[in-house]
Amino acid sequence: MQAREWVNLVRVAAVALGMANASLAAAQESSAGENEAGGAPRTEYILAVSWQPGFCETRPDRKECVDQTARRFDATHFSLHGLWPLKKSYCGVEAELKVRDRKGDWLDLPEVAVQDETAKRLLVAMPGVKSGLDRHQWLRNGTCHTANAEDYFALQLRLLDEINSSAVRTLFAEQIGKELDEKQIKQAFDQSFGAGTGERVRMRCQSVNGRSVITGLTIGLSGELSGKAELAELIQAAGPTEFKCGKGIAAAAGRG
């Protein structure tokens, strides 16, 4: 394959990934709107975490996937995908940067301005940094949350730590290579974050060689994110949503 054809394929894949993220947000936003109309709690934000081994089965050629091993942090822990507010994007971002972001050439976007320690943590917790995912998330979503990237990513790292310290992460790590279903995952959320929090979660799956592989979770949140609110409180304040993927395999690293 010629170099130009390969570049075009990478760009198409990145754009498709961005469209998929938008679809996930729109779907969960739709559920939140219905809840608001009925007087129930309303979801204000979506926290998306990846089960990276499953994601990498679907996109084995991505920079963050080609060197994945069973020893890496993301082989047994959830990875950070992003945090976005519903109904808002690209707040105060100039048109030229929007166009560049939507093309999917995320590594051509400006680097995010975070402290050295935060940058080091993101390399581990957010493997997609290798493909510029942090730059994309900041422009599209972070600019609608806070004035600086440090606060945006520090918040997400704190929330991710809570997920990875929970029964949800333990469930996935102990069942690697096996199938998990909606009931198991909701029970793990309820155990760690309180009764009913499993109803605020949606699971993402994709078919790979006839297998339904879990690629991640999206979690509804509501409340003041700039404070020190715990994840349990933020999930409980959100509206319920449809789980969508009823069951899938918690893939092992390196299969892709």
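1. Strand S4 (residues 201–208) pairs with strand S5 (residues 211–221) in the antiparallel sense over 8 bridges, where strands are DSSP runs of E of at least two residues and helices are runs of H or I of at least four, both numbered from the N terminus, and two strands pair if DSSP finds at least two bridges between them. Arg 211 in S5 is the bridge partner of Val 208. The hairpin has 2 residues between its strands, and Asn 209 takes a positive phi near 50 degrees there.

2. Basis of the note. The model is a predicted one, in which local features need pLDDT of at least 70 and side-chain atom pairs count only at pLDDT 80 or more, whereas totals for chains, interfaces and linings use all residues. Residues are numbered from 1 along each chain as its sequence is written, and side-chain values use heavy atoms, with hydrogens and water left out.

3. Overall content. The protein has 10 helices and 6 strands, and 51% of its 256 residues are buried, buried meaning under 20% relative accessible area, exposed over 50% and partly exposed in between, with a 1.4 Å probe and protein chains only. Among contacts between residues at least 6 apart in sequence, 75% join residues at least 24 apart, a contact being heavy atoms within 4.5 Å.

4. Most residues other than glycine have a negative phi. Asn 209, which is not a glycine, has a positive phi of about 50 degrees; this residue lies in the loop between S4 and S5 and is exposed, with a relative accessible area of 78%. Lys 244 is found in the loop between helix H10 (231–236) and strand S6 (247–249), and counts as exposed at 53% relative accessibility.

5. Helix H7. This helix (residues 149–164) has 16 residues and reaches 22 Å from its first C-alpha to its last, close to the 22 Å expected at 1.5 Å a residue, the expected span being 1.5 Å times one less than the number of residues. At the N-terminal end, Asn 148 caps H7 through a side-chain oxygen that lies 3.3 Å from the backbone nitrogen of Glu 150. The buried residues of H7 include Glu 150, Tyr 152, Leu 155 and Asn 164. Leu 155 and Gly 227 are 72 residues apart in sequence and 9.2 Å apart in space, C-alpha to C-alpha; Gly 227 lies in the loop between S5 and H10 and is partly exposed, with a relative accessible area of 28%.

6. The structure holds 6 aromatic pairs, counted where rings of Phe, Tyr and Trp (its six-membered ring) have centres within 6.5 Å, with planes under 30 degrees apart taken as stacked, over 60 as edge-to-face and the rest as tilted. The ring centres of Trp 51 and Phe 172 are 5.2 Å apart and their planes are at 50 degrees, so this pair is tilted. It links distant parts of the chain, with Trp 51 in the loop between strand S1 (45–50) and helix H2 (52–58) and Phe 172 in helix H8 (residues 167–174), 121 residues apart. Phe 78 and Phe 172 form an edge-to-face pair, 4.9 Å centre to centre with 65 degrees between the planes, and this pair too links distant parts of the chain, Phe 78 being in the loop between helix H3 (63–66) and strand S2 (79–85), 94 residues from Phe 172. Trp 51, Phe 78 and Phe 172 form one aromatic cluster; Trp 51 and Phe 172 are buried, and Phe 78 is buried as well.

7. S1 and S2 run antiparallel and are joined by 6 bridges, and Trp 84 in S2 is the bridge partner of Ile 46. Because 7 of the 7 residues of S2 are buried, this strand is largely enclosed by the rest of the structure. Asn 141 lies in the loop between helix H6 (133–140) and H7 and is buried, with a relative accessible area of 4%. Leaving aside neighbours within four places in sequence, Asn 141 is in contact with Leu 83, Trp 84, Pro 85 and Tyr 152. The side chain of Asn 141 also makes a polar contact with the side chain of Gln 137 (2.6 Å), a polar contact being a pair of N or O atoms within 3.5 Å in which, within protein, one must be able to donate a hydrogen and the other to accept it, and residues adjacent in sequence count only if both atoms are side-chain atoms.
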